Amino acid sequence: MASQSQGIQQLLQAEKRAAEKVADARKRKARRLKQAKEEAQMEVEHYRREREQEFQSKQQAAMGSQGNLSAEVEQATRRQVQGMQSSQQRNRERVLAQLLGMVCDVRPQVHPNYRIAV
């Protein structure tokens with residue numbers, strides 16, 4: 001019976017060691033999963049930063065050219081406005097003289113569609 005008791009004790013100890021090994025393996029697995037998650041998160045963050053930086057550089061390049069275009073359009077508009085103003089100044093007196101001549105020089109005439117009723 002003593003040998004049976006020793007056999008049972010050995011089995012219990014072996015079972016206990018196996019349970020400890022399984023628990024240790026689970027802990028290692030949990031640690032490894034946590035480490036893998038952290039590494040993956042860092043990799044994702046690094047990739048996101050690279051993409052964001054690339055996007056910012058492309059956006060800056062596109063916006064820089066748009067800024068140049070808006071400046072060119074603004075400059076062309078100023079030139080056109082200045083041209084119109086100078087044209088207005090040059091032709092002002094002539095146009096006023098024509099308008100005053102038309103208003104003040106009245107020539108009475110019978111309209112061609114007027115019919116005298118008999």
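**Figure 1. Glu45 and Arg48 in the predicted model.** At a relative accessibility of 26%, Glu45 is classed as partly exposed in this predicted model, because residues are called buried only under 20% and exposed only over 50%. The side chain of Glu45 forms a salt bridge with Arg48, and the closest N and O atoms of this pair are 2.5 Å apart. Arg48 is also partly exposed, its relative accessible area being 44%. The two residues lie three positions apart in helix α1, so about one helical turn separates Glu45 from Arg48.

Figure 2. Because Arg78 and Glu74 are four residues apart in helix α1, the separation between them is about one helical turn.

Figure 3. Asp105 forms a salt bridge with Arg107, for which the closest N and O atoms are 3.1 Å apart. With a relative accessible area of 45%, Asp105 is partly exposed, whereas Arg107, with a relative accessible area of 63%, is exposed. Elsewhere in the model, salt bridges with shared partners link Glu45, Arg48 and Arg49 into one network. The count of salt bridges comes to six, the rule being a side-chain nitrogen of Lys or Arg within 4 Å of a carboxyl oxygen of Asp or Glu.

**Figure 4. A nonpolar surface patch formed by Val95, Leu96 and Leu99.** Together, Val95, Leu96 and Leu99 present about 250 Å² of accessible area as a nonpolar patch on the surface. Leu99 belongs to helix α1, which covers residues 2-104. The relative accessibility of Leu99 is 48%, so this residue counts as partly exposed, since the exposed class requires a relative accessible area over 50%.

**Figure 5. Val110 in the segment after helix α1.** Val110 is located in the segment that follows α1. Its relative accessible area is 63%, and Val110 is therefore classed as exposed. Between Val110 and Gln60, which are 50 residues apart along the chain, the C-alpha atoms are separated by 72 Å.

**Figure 6. The whole chain as context for the close-up views.** The protein contains one helix and zero strands, and the helix in question, α1, comprises residues 2-104. Along the principal axes, the C-alpha trace spans about 155 × 45 × 15 Å. The radius of gyration of the protein is 49 Å, whereas a compact globule of 118 residues would have a value near 13 Å. Of the 118 residues, 0% are buried, where buried denotes a relative accessible area under 20%. The accessible surface of the protein amounts to about 11900 Å², and 56% of this area is supplied by carbon and sulfur atoms.

Terms used
Residues are numbered from 1 along each chain as its sequence is written. This is a predicted model: local features need pLDDT of at least 70, side-chain atom pairs count only at pLDDT 80 or more; totals for chains, interfaces and linings use all residues. Side-chain values use heavy atoms; hydrogens and water are left out. Patches are made of residues with over 30% relative accessible area and no salt bridge: like charges are joined within 9 Å, nonpolar side chains (Val, Leu, Ile, Met, Phe, Trp, Tyr) within 5 Å. Accessible areas come from the Shrake-Rupley method with a 1.4 Å probe; for residues, only the protein chains shown count as cover. Buried means under 20% relative accessible area, exposed over 50%, partly exposed in between (1.4 Å probe, protein chains only). The radius of gyration is taken over C-alpha atoms; the globule rule is 2.2 Å times the number of residues to the power 0.38.
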